[in-house]
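This briefing covers side-chain contacts in one structure. Please look at the sequence and the model before reading on.

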Amino acid sequence: MTPYLQMALNNAWANATFYAALGALPPGAFLAERPGFFPSLCRTLNHIYEVDLYYIDALEDGGQGRAVYQRDDVEDATALGLLQARADERLAQFCRSVTPDTLVEVRRTERRDGETEEEVGALLLHLFQHQIHHRGQAHVQLQDAGLAPPQLDDFHLVHGRAPTAEAYFRGAR
């Protein structure tokens with residue numbers, strides 16, 4: 001299994017684990033103002049989702065570009081979690097087919113100031129970093145809501161691997 005697929009599967013597991021924890025939120029807490037770059041769990045998780053859509057579209061040569069941002073926030077955590085899971089599966093499927101040749105292929109990304117060309121490997125690394133960065137912010141927001149955030153870094157090592165991560169790690173998801 002390539003490190004890219006491992007990171008995609010880790011991302012899917014971390015998102016599923018985090019969204020499962022949101023089930024304990026009291027009514028209104030998902031939309032409530034929280035500390036962070038984005039002012040709520042809802043807005044932070046929608047940002048992760050829409051940026052995932054943007055980069056997955058670029059990786060798949062889908063041609064939607066910045067049009068993926070022309071959407072309303074999903075204000076229901078369960079519904080957003082299902083959409084995120086579909087995006088996570090698309091990313092994992094893409095990473096299952098990655099070869100050394102794929103990693104140096106170029107993809108166009110539409111930016112505010114025009115198009116840019118990036119290598120697939122760089123796009124993947126950036127996307128994984130983006131997800132981890134903002135999921136960490138959501139982690140703090142969940143704690144601010146009064147819930148203990150789930151442990152999200154027990155995926156890659158055999159020692160201490162979360163039991164829920166096993167199927168993801170083996171690529172069964």
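The model is predicted: local features need pLDDT of at least 70, side-chain atom pairs count only at pLDDT 80 or more, and totals for chains, interfaces and linings use all residues. Residues are numbered from 1 along each chain as its sequence is written, and side-chain values use heavy atoms, with hydrogens and water left out.

**Aromatic pairs**

- The whole structure holds four aromatic pairs, counted where ring centres of Phe, Tyr or Trp (its six-membered ring) lie within 6.5 Å; planes under 30 degrees apart are stacked, over 60 edge-to-face and the rest tilted.
- Phenylalanine 37 and phenylalanine 38 have ring centres 4.9 Å apart and planes at 80°, so they pair edge-to-face.
- Phenylalanine 37 is exposed, at 64% relative accessible area, whereas phenylalanine 38 is buried, at 10% (buried is under 20%, exposed over 50%, partly exposed in between, with a 1.4 Å probe and protein chains only).
- Tyr54, Tyr55 and Tyr69 are linked into a cluster by ring pairs.
- Within that group, tyrosine 54 is buried at 3% and tyrosine 55 is buried at 5%.

**Salt bridges**

- The search of the whole structure gives 11 salt bridges, each a side-chain nitrogen of Lys or Arg within 4 Å of a carboxyl oxygen of Asp or Glu.
- One of them joins glutamate 50 to arginine 43, with the closest N and O atoms 3.1 Å apart.
- Glutamate 50 is buried at 7% relative accessibility, while arginine 43 is partly exposed at 22%.
- Arginine 108 and glutamate 117 form a salt bridge at 3.4 Å, N to O.
- Shared partners join the salt bridges of Arg43, Glu50, Arg71 and Asp73 into one network.
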